[in-house]
Amino acid sequence: PPADRDAALALKAIDVSEATGGTQGLVAAGGESPLVRALSYPDRAVRFRAAFALARANPAKPFADSFRVVPVLAAAISSAGSPTALVVGADEDVRNHLADILRNGSSHYTVYTGPTLAAALQQSRRAPAFDVIVIENGPEVAKISQLGQQDYRLPGAPVLVAASEDNLPGVKAEVEENRGYGAISDKADEAALTAALATAQADSGTVPFDAQTAAQMASTSIKLLDTLSADHASIYKVQDALPTLTDALRDKRPDIATGAAGVLGHLNNPDAEKAIAAIALAPDTDASLRTPMLMALAESAKRTGDALDSSAVNALIKEVSTESDPQIQMAAATALGELNVPSNQASTLVLQQ
C-alpha cells in the first residue's frame, strides 16, 4: 500500500495484486509483497481484504507474517460486535474514569484495563483487535510501538494519551507528531473523548464500519476459515481463531453462528467440541440452529472423539429420545454415533430417559 496511507488506493492495489500476482507474487519473500505489508495497515478494511486475498491463495509454504492472516480473519468476524478498547494507566482513578466512559457511553465498548500495557494485553488475550487505545501519559506510551512488533493488534489502532490539564498542551504537541495519536485530559468527558477519537481515527485512516459492511466482512471471513479448516494441510493455524469462533457461536446473525460451528467442527480440538455442544444442547438455542449445530458437533466428534462430560452426553441422548423434529433428532443421533459412546453407558442413559 502507498506510504501516504490512502485506504481507497490501497484497496485498489489489493484487487490488482489478487487478480494478477499469482500465489508467489502475493507472498513475495521477505515480506516485501504489498499484500503482506497490508496485514499491518491502519485501516481495517485494507487489513481484512489483504487477509482475504492471502487466505484464498492458501500457499503451500509459510511466508513472512503468514501467522497474521488468521488473527486478522478473526478480527473481521468480530467487526460487527461491540468495539474494543484498551485502557492503560498507573493511576487507578484515572484508569477507571476513562474505562467507565468507554464502557458506559453510547458505543458501549468492551474494555480491558491494566496499570501497564503488558498487564492490559494479558487481560485482553481474547480480543481480536482494538478500536482504540487510551493510555496515561508516561513511559508506557513508548511501549505501544515496541510491543506492536509482537502483538498484531497494536499497530494501526488509534491512540489517545491522557494527561493532566497542566501538562496537556505539551503532551498534545508531542504525541500528535505520530500518525493516529491524540491527547485528552485525564478528566475528559465522553464528548471530549469521542471528538479526540474521531480525529485520531481520521488521521490513522481507520474508519468505523457500518453494519452492512461489517456483516459482509464477517461472512467472508467465516467462509474462508471454513475452507482453511477443512484443508488440514494448510499453513494457516485456524485454531488461533478459537476464542473468536467460540464467541461467534452466540452471534445473533444465524449465518455467523452456524458458520462458526462449522469451522470449529473441522478442528481436532476438545474445547471446540465442548463449545459446540454447549450451544447445540442449550434449551434456549433457536430450533433453526439446532440441526447445523448438531451436525457440526458430529463432525467435531469424528475428528476429536468423545471430549464431552456425562451431562452433555446425557443431554444428547435425551435429544435423540424425545425430540419431535425429525431433522433435529437425526442430527442428534448422528452426533451421538460419532461420539462412539460405549454401549453400556448409552444403554444406561437411555433407560434413565
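Tutor: Buried means under 20% relative accessible area, exposed means over 50%, and partly exposed lies in between (1.4 Å probe, protein chains only). The model is predicted, so local features need pLDDT of at least 70 and side-chain atom pairs count only at pLDDT 80 or more, while totals for chains, interfaces and linings use all residues. Residues are numbered from 1 along each chain as its sequence is written, and side-chain values use heavy atoms, with hydrogens and water left out.

The protein has 18 helices and five strands. Along its principal axes, the C-alpha trace spans about 75 × 50 × 30 Å. Take contacts between residues at least 6 apart in sequence: 69% of them join residues at least 24 apart. Contact here means heavy atoms within 4.5 Å. The accessible surface comes to about 16,400 Å², and carbon and sulfur atoms hold 51% of that. The areas come from the Shrake-Rupley method with a 1.4 Å probe; for residues, only the protein chains shown count as cover.

Which residues of α16 are buried? They are A312, V313, L316, I317 and E319. These five cover an arc of only 150 degrees around the axis, so they sit on the same side of α16. The arc is that of the directions from the helix axis to the C-beta atoms. Turn to the face away from the buried side: there α16 carries the exposed residues S310 and T322.

Helix α13 gives a second case. The buried residues of α13 are I256, A257, G259, A260, A261, V263, L264, G265 and H266. They pack against α5, α11 (211-230), α12 (242-248), α14 (270-280) and α15 (287-304).

Next, two loop residues to check in the backbone. Most residues other than glycine have a negative phi. D65 has phi near 70 degrees, a positive value. It sits in the loop between α4 (44-57) and α5 (69-77). With a relative accessible area of 27%, D65 is partly exposed. H108 also has a positive phi, near 50 degrees. Its loop runs between α6 (92-104) and β2 (110-114). H108 is partly exposed, at 48%.

Two more residues bring in spacing. S164 lies in the loop between β4 (159-163) and α9 (168-175). At 26% relative accessibility, S164 is partly exposed. S164 and A90 are 74 residues apart in sequence, yet 13 Å apart in space, C-alpha to C-alpha. D15 belongs to helix α1 (residues 7-20). D15 and L35 are 20 residues apart in sequence and 9.8 Å apart in space, C-alpha to C-alpha.

Note on methods:
Helix = DSSP H or I, 4+ residues; strand = E, 2+ residues; numbered from the N terminus.
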